[in-house]
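Q: I have a model open on my screen and would like to go through it with you. Could we start with a strand pairing and then move on to other things?

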Amino acid sequence: MMSEFSAAGRAQTPDKDAFRDTFNAVNDTGGRVWFYPQQPAGKWHRRRAVFAAFALGLLFAGPFIKVGGQPLLLFQVLERKFIIFGIFIGPQDYWLFGLAMLCFMVFIVLFTAVFGRLWCGWACPQTVFMEMVFRKIEYAIEGNPSARKRLDNGPWTREKIGKKALKYTTFALLSFIIANLLLAYILGADALLQIVREPLADHAALFGSLAFFSAVFCFNFSWLRDQACTVVCPYGRLQSVLLDKNSISVAYDHGRGEPREKWRKNVTRTSGDCIDCHQCVAVCPTGIDIRNGLQMECVNCTACIDACDHIMAKTGQPAGLIRYTSENAIEKKTNQLFTPRIAGYLAVLILLWGGFAYLIATRDHTQTTLFRAPGTGYMIDPDGTISNLYTFKIFNKTNQELRPEIRLGEGNGKLTIVGQSALYLPPAGMAEGSLFITMPASAFSRRKNTVHLSVYVNKKKTESFRTTFIAPEGPL
């Protein structure tokens with residue numbers, strides 16, 4: 001797909017596939033190539049800025065938003081406790097988290113097959129923070145691309161030291177804030193605020209983790225930058241598998257643009273609309289030439305669309321030489337989003353989401369295990385009843401305090417918990433102990449019998465189970 005999509009767009013290149021032999025972020029000697037993209041401007045950038053403001057607002061508000069008294073999102077990885085949109089998934093239901101991640105991955109596959117790397121350009125935290133926060137600060141402190149390049153390559157003057165110190169201090173502060181945000185999603189906002197109010201010495205290990213992640217974020221946005229997308233992240237490399245000729249992506253219309261020719265005022269053009277101004281390359285944060293076709297480095301940030309539309313407006317030509325489109329829309333002037341492949345992905349996703357919703361809606365609030373006490377048999381009480389001793393563990397599968405009650409399912413029996421008048425379960429916690437089940441001797445004529453039990457919370461049955469009751473054979 002990638003070679004077909006880009007062949008016509010490189011008609012003037014001596015070797016149309018030569019760009020594939022090199023990585024544009026590395027020079028001939030293997031050194032890092034630093035990019036100094038121009039500041040994008042235009043309708044698409046304004047739209048992305050509005051969306052980024054909304055996304056950042058939601059991201060920072062996430063730990064403080066509560067649904068039913070619980071955080072909107074919480075990922076306590078070490079304790080295997082997760083809350084996804086108010087749905088609590090505890091250690092006993094960790095497999096549900098795996099199912100939720102599978103649903104998310106299938107959604108990403110479906111979304112990518114239809115809309116390409118729209119996620120990367122608009123919603124990925126790496127892109128949003130880098131292009132809409134850190135890059136903006138860099139523009140404000142160090143100036144336009146030419147000024148920044150001169151500053152980086154120039155001697156260490158007082159001006160350079162001052163600007164670099166201000167920039168990296170700001171980057172470090174923002175990285176510290178982002179690390180605290182990450183911690184809020186792991187510990188919960190309430191727990192984090194409590195820790196902040198307590199002495200630092202009481203949470204030395206936690207502060208060490210916070211310092212580590214702050215350093216990681218600062219390194220990412222100060223040095224790694226575009227290579228986080230082109231080297232570290234595997235998503236771009238999946239394009240050849242996930243995309244097809246109907247997938248929407250940022251693309252150059254080579255049928256309209258080729259052959260390229262420089263713009264000459266008051267001269268009738270006999271070539272394509274592309275004036276070979278390289279503005280699409282100048283604004284690209286990963287340094288690619290979109291006219292070479294679909295490339296792994298492209299994050300669909302729309303900067304090249306705005307740059308090209310601006311040039312088209314200045315030269316009196318229609319906008320859209322670079323736009324959101326598909327290969328079939330360019331080559332065959334047709335565009336079909338809902339294909340059998342998309343229908344298959346959608347069917348799988350609906351089944352997964354339906355199954356996940358059913359399992360969440362029907363799961364029990366508690367999980368109880370009950371076994372006969374090892375080495376014990378039945379006991380004949382003075383009043384002629386039969387007793388069996390059991391050990392139990394009851395798990396709370398919610399993030400709320402519970403006071404469960406274990407009841408016998410039928411008959412005239414009696415259940416007595418040893419040493420406890422009532423059970424208490426902390427959030428996602430456990431209670432354990434021993435209990436006696438006492439039944440009248442007339443209730444059984446066999447040695448091994450089945451007894452049914454239920455667990456109630458607030459007079460509502462949450463689960464049912466059964467166990468074996470041992471009794472003497474025949475009449476006493």
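Q: Which residue in β15 does H452 stand opposite?
A: In this predicted model, H452 stands opposite R466 of β15.

Q: How do β14 and β15 pair, and over how many bridges?
A: Strand β14, which covers residues 448-457, pairs with β15 in the antiparallel sense, and the pairing runs over ten bridges.

Q: What is the strand order in the sheet they belong to?
A: The order is β11-β14-β15, in an open sheet of three strands with antiparallel pairing. The edge strands are β11 (405-408) and β15 (460-470), each of which pairs on one side only. From one strand to the next, the twist averages 30 degrees.

Q: And β12, which of its residues are on the covered face and which on the uncovered one?
A: In β12, residues 414-417, the covered face holds L415 and I417, whereas K414 and T416 are on the uncovered face.

Q: What does K414 have as its bridge partner in β13?
A: The bridge partner of K414 in that strand is T438.

Q: Switching to charges, how many salt bridges does the count come to?
A: The count comes to 18 salt bridges.

Q: What about D226 and R32, where do they sit in the chain?
A: The side chains of D226 and R32 meet in a salt bridge, at 3.5 Å from N to O. The pair links distant parts of the chain, 194 residues apart, with D226 in the loop between α9 (204-224) and α10 (227-232) and R32 in the loop between α1 (2-7) and α2 (43-61).

Q: Are those two buried or exposed?
A: Both D226 and R32 are buried.

Q: Which residue does R256 form a salt bridge with?
A: R256 forms a salt bridge with D273, and the closest N and O atoms are 2.5 Å apart. R256 lies in helix α12 (residues 254-257) while D273 lies in the loop between α12 and α13 (279-282), so this pair ties together parts that are 17 residues apart in sequence.

Q: Why does D273 count as buried?
A: Its relative accessibility is 18%, and because buried means under 20% relative accessible area, D273 counts as buried.

Q: And E261 with R264, what meets there?
A: Their side chains meet in a salt bridge, at 3.3 Å from N to O. E261 is partly exposed, with a relative accessible area of 25%, and R264 is partly exposed as well, at 44%.

Q: Which residues are linked in a network of salt bridges?
A: The network links E138, E142, R148, D152, K164, K167 and R225.

Q: Stepping back to the whole protein, how many helices and strands are there?
A: The protein has 16 helices and 15 strands.

Q: What radius of gyration does the protein have?
A: The protein has 32 Å, whereas a compact globule of 476 residues would have a radius of gyration near 23 Å. Taken along the principal axes, the C-alpha atoms fill a box of roughly 115 × 60 × 40 Å.

Q: Last topic, what share of the residues counts as buried?
A: Of the 476 residues, 45% count as buried. The accessible surface comes to about 25000 Å², of which 62% belongs to carbon and sulfur atoms.

Terms used: Residues are numbered from 1 along each chain as its sequence is written. This is a predicted model: local features need pLDDT of at least 70, side-chain atom pairs count only at pLDDT 80 or more; totals for chains, interfaces and linings use all residues. Side-chain values use heavy atoms; hydrogens and water are left out. A salt bridge is a side-chain nitrogen of Lys or Arg within 4 Å of a carboxyl oxygen of Asp or Glu. Helices (H or I, at least four residues) and strands (E, at least two) are DSSP runs, numbered from the N terminus. Buried means under 20% relative accessible area, exposed over 50%, partly exposed in between (1.4 Å probe, protein chains only). Two strands pair if DSSP finds at least two bridges between them. Axes are lines fitted to C-alpha atoms, for helices over the stretch in contact, and angles run from 0 to 180 degrees between N-to-C directions. The radius of gyration is taken over C-alpha atoms; the globule rule is 2.2 Å times the number of residues to the power 0.38. Accessible areas come from the Shrake-Rupley method with a 1.4 Å probe; for residues, only the protein chains shown count as cover.
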